[in-house]
Amino acid sequence: ERERGGQCAPPERVSGGLRAPAAGGDSARPRGRRGQRAERERGGQCAPPERVSGGQCATMSERLESGEEAESRPECADLGGEEQAVEAAGVDCDEPDEPNRSIDQVSTRLFQDQKESFANCDSSNKGIILKRILNGRRSSFPAVVETTQLSYYERYKAYQDYILGDTKPSEVQDFIAEYLEKVLEPYGWQAIWSNDMFEVLVEVTDLETSNLRAVVKLTEPFRYESETYSLNMEGMESFLEAKNHQVPLQELYVAFDESGEFEQTALAIEHLRFFYQHIWRIWDEDDDDDDFDYFVRCCEPRLKLYYDILEDRVPVDLIAEYNQLLSKCEETYKEFIKVRNDISTSDSESELNNVSMVEGVKLCEELDKLKYKLQIMESPLYR
């Protein structure tokens, strides 16, 4: 039947089941490793070519004869035992765009995350690795020290051990000023003064830590950028004189210095800026119940909430509700402060004053309800 080219013979029964007969011609190969070895010894067709890294295909015997096995591997395979670690770190050995990748470049990417993990394990500010970045600014400004990529653990230890401790709400401002007095370099460092109106390069000549401000002067050459306000050096100098050359420390971004002398200054300002942007509430110091640990009751849960939102651990609808309550609470507090100030400056026997007192009581009750809701939502147990 095979000689006539017809259909294959019916399967032949063997011990252990059915075995299909050979399909005929040279296309049939013995099954199993022994059969393949016997086929190669008889000069038959070799086993299918094996695919090797680098995209080329060759049989094992051809690679052994031509010595291609070592040559066909990509360049980054020369790292030997580090090959698997490089692949795990996201370094593609077969990238055609970087054929001359050096070992130093690969090592930099491989151990970048390891360096950051070392920084997270150090409880002191000196253990935090700071980076040099342009921070999205144009080339006319120097690079600034990157401090925004701090972990929850790093900020937690800074506020608990170095800044706040067991302070009460009424003592927070004094504790922060004392911390800045110890850590900040008093003068001689450059920074970018950045706000909603402009950015300008300044040099710090003195500090006023009691009111969280720095005394600055313009640098030479004059470096200034703004999309809405066009000022020359003379106009900016007049603007600074009107402010007694004092600017908020929160608006200063320390310029990078190769010596690393001002890295702790940049880190301290980052802790200050983060605290007043994400932790402190304008009504915290005005709380009637001042006898409690501010870090435990307010700072820790708000810090945890910030990182839970950052890491997508909080539902979107809950985030929207919290932000809405926060805005409502801020507006109510401002209205309450305005009414309270009006009462204190008006005649106590006037009819208008009585109306204001009733309104003040209503605002105070509404404010307490909003603050309670915020406190519940800030608690990790609620989330």
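**Note on aromatic contacts and helix packing**

1. Tyrosine 276 counts as buried, because its relative accessibility is 19% and the cut-off for burial is under 20%. The model discussed here is a predicted one.

2. Phenylalanine 275 likewise counts as buried, at 1% relative accessibility.

3. The helices H7 (residues 152-163) and H11 (residues 294-310) cross at roughly 165°, and their axes come within 11 Å. H7 and H11 are therefore roughly antiparallel to each other, as angles over 145 degrees are classed that way. The crossing of H7 and H11 is right-handed.

4. On the H7 side, the contact is made by Tyr152, Arg155, Tyr156, Tyr159 and Gln160; H11 contributes Phe295, Cys299, Glu300, Leu303, Lys304 and Tyr307. Classed by residue type, this contact of H7 with H11 has seven nonpolar, three charged and one polar residue.

5. The structure holds 17 aromatic pairs. In one of them, the rings of tyrosine 152 and tyrosine 156 have centres 5.7 Å apart and planes at 40°, so the pair is tilted. Tyrosine 152 and tyrosine 156 are four residues apart in helix H7 and are therefore separated by about one helical turn. Tyrosine 152 counts as partly exposed, at 25% relative accessibility, whereas tyrosine 156 counts as buried, at 18%.

6. Phenylalanine 275 and tyrosine 276 form an edge-to-face aromatic pair, with 5.1 Å centre to centre and 90° between the planes.

7. One aromatic cluster is formed by Tyr152, Tyr156, Phe274, Phe295, Tyr306 and Tyr307.

Technical notes:
Residues numbered from 1 in each chain as written. Predicted model: local features only at pLDDT ≥ 70, side-chain atom pairs only at ≥ 80, totals over all residues. Heavy atoms only, no water. Axes fitted to C-alpha atoms, helices over the stretch in contact; angles between N-to-C directions. Helix = DSSP H or I, 4+ residues; strand = E, 2+ residues; numbered from the N terminus. Parallel < 35°, antiparallel > 145°, perpendicular 65-115°, else oblique. Left-handed = near helix turned anticlockwise from the far one by under 90°. Contact = heavy atoms within 4.5 Å. Nonpolar A, V, L, I, M, F, W, Y, C, P; charged D, E, K, R; others polar. Phe/Tyr/Trp six-rings, centres within 6.5 Å; stacked < 30°, edge-to-face > 60°. Buried < 20%, exposed > 50% of the residue type's maximum accessible area, 1.4 Å probe, protein only.
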